[in-house]
Amino acid sequence: MREVFLSNCEKNFVQKTIAEGYRLDGRNYNECRKLNIAFGSEYGSCIVSIGETKVLSQVSCEVVQPKQIRPNEGLLNINVEISPMAAPQFEANRQTDLTVYLNRLLEKCYKDSKCIDLESLCIVVEEKVWSLRVDLKILNHDGNLIECSSIATLASIAHFKRPDVTRSGESIVIHTLADMDPIPTVLYHYPVCVNFAIFKNNILISDPSYIEETVCTSTSEDGTNTGGLLVVGMNQYKEMCLLDLTGAAIYNSNIVHRAIQSAAERCKMVVDLVKKDIMTDDNLRQKRTKINFADIITTDHAQSLCAKDLCIRLKNFTINDIEMEEETDVSKSIDTDDNTALSKYDVPSLPQTVELKAKKGASTWIDISSESDED
Amino acid sequence: MQDFKLKPMKCELNYLSKSDGSAILSQGDTVVLASVNGPMDIKTVNQSIEKATLEVLFCSKEGKPSVADRYKENIIRHTCETAILGCLYPRTGITLTIQELENYGGLLTCAVNCACLALINSGVGMRHAVAALSCCVDGAGELVLEPTHAQATAARARLHFVFDSREKSLVTGFTEGTFSEGTYEEALARCRAASDLVFAFYRDIVSNYCHVI
């Protein structure tokens, strides 16, 4: 299926609101959506969600022969797959530009930066080494895939523990998890990729949502393209590992400097969160608590269909403006994405929202005589 | 009437915002996520003039795709094709993607149940709902309904059945191992009786959010 086309009015509206200093979901330019990391029962499996964007990551290992040119180093393989689950426009088993883009950026960030100690994965030089394989599956694409995938890769590699190996003379014994405690991967530093959307060569937006990403990389009315996506990879020591720009060329290097400053803070915060979550998970496992992906099942999304989750949050919204609420509810049905969590106000009585609509009568856009709406 | 106890089931619908319908289901420790998109446009070569084409994609958690995944896709596709009212949507395609999150036994039955919930959530017209259950024959020849992971791996035979919600007739059956005809009949009867619990669970989950719409 082809991607849902971005209409001109959507594009112009988003560009205008961003130029005026607002974002559709009510965030500031440098505010990010809620980041959540959930670990599964196996070591090295996690689901990371930024807002509604969700990525599943699983690390597995096996013993293979090392490369000829690096006989004492283990192997690391990162593989991203986008299935029709992420969004209907993706086809099964088909590599798109987006897949190649994600794969290459993650390779640059985690393999070229040498953040993982590959020499510790060696068992017998030139003969046997551990080969780590990170499989990333995009579960839901609501913008900012690169950041979500990079946090998922980092969290799962840091969480992963490989089986212990002992040598006795000529033979090598690989112990099961029950036999001996598994060994965590050695990470020298924790790099994370942060994504920024650039609008009109001047405005920098962190953690762009799906519609913001699509708008900034599209051409504007006069046929020019002044926007792009900037990806900055940094670790918690404020060292840069990756810099990538998609879209229009930047005229002013000031933007890159601003982005790096902003990325440094965000990366430190993310890495701290990842480390904290891994430690909590470790403690829980030591107490023999069962950890399972079933724990991510909640009742949060039960009412997503009845417009509880507004994707447009205007700044001057008050709880008494019931008419305004109806207008945005109607406009919500045009837009297809959903944004959850941070609501500036709380819709008081959900089950009655639909009844309220019917009782209030016609929406204020359409001029019909009030009698015709009495059902 | 025997009192059947199935593994504790937890489910959340609308889990994915970009899919038309999605469900994440956990049966015991096994967790599966399913997403449905459709009815939508597909290539002319894949179109059928009289009904919708169902495409199933099963993704295991790690490693490259394998033949075992294709086998599961086949079973799920045949089961869901009978359930969906494909004649309502000719020349379109419905894509069902299933992602395995945790596997502690009963993966295929969990996947079928999750797929059914996702289809209900997506609003695609269906003839009936489907529920999958499994039984296993342990070393002593005893039948165990909904075996645990340890029991299933040590079993002599594993029988899985899928029933429909209207007449409780058998939609799909797949078995592994050796067993007698009498064992088969008994397993079929037990699973059929226990399927009531699964359908009651579906009704529970759907009524949670249906009364709000």
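So, polar contacts first: between chain B and chain A there are twelve residue pairs in polar contact, both partners at pLDDT 80 or more. By that I mean N or O atoms within 3.5 Å, where within protein one has to be able to donate a hydrogen and the other to accept it, and residues adjacent in sequence count only if both atoms are side-chain atoms. Keep in mind this is a predicted model, with local features needing pLDDT of at least 70, side-chain atom pairs needing 80 or more, and totals for chains, interfaces and linings using all residues. Residues are numbered from 1 along each chain as its sequence is written, chains are lettered from A in the order in which they are written, and side-chain values use heavy atoms, no hydrogens or water.

Okay, salt bridges: the count between the two chains is one. That's A:K290 with B:D29, 2.9 Å from N to O; the cut-off is a Lys or Arg side-chain nitrogen within 4 Å of an Asp or Glu carboxyl oxygen.

How much area do chain B and chain A bury between them? About 3,700 Å², with 57% of it on carbon and sulfur atoms; that's accessible area lost on being put together, 1.4 Å probe, summed over both parts. Chain B puts in 42 residues and chain A 47, with contact meaning heavy atoms within 4.5 Å.

Now, one residue to look at: A:N140. Its side chain makes a polar contact with the side chain of B:S17 at 2.9 Å. A:N140 also touches B:L16 and B:K18, among others. And A:N140 is buried, at 0% relative accessible area, where buried means under 20%, 1.4 Å probe, protein chains only.

How values were computed. Buried area is the accessible area (1.4 Å probe) that two parts lose on being put together, summed over both. Buried means under 20% relative accessible area, exposed over 50%, partly exposed in between (1.4 Å probe, protein chains only). Lists of a residue's contacts leave out its neighbours within four places in sequence.
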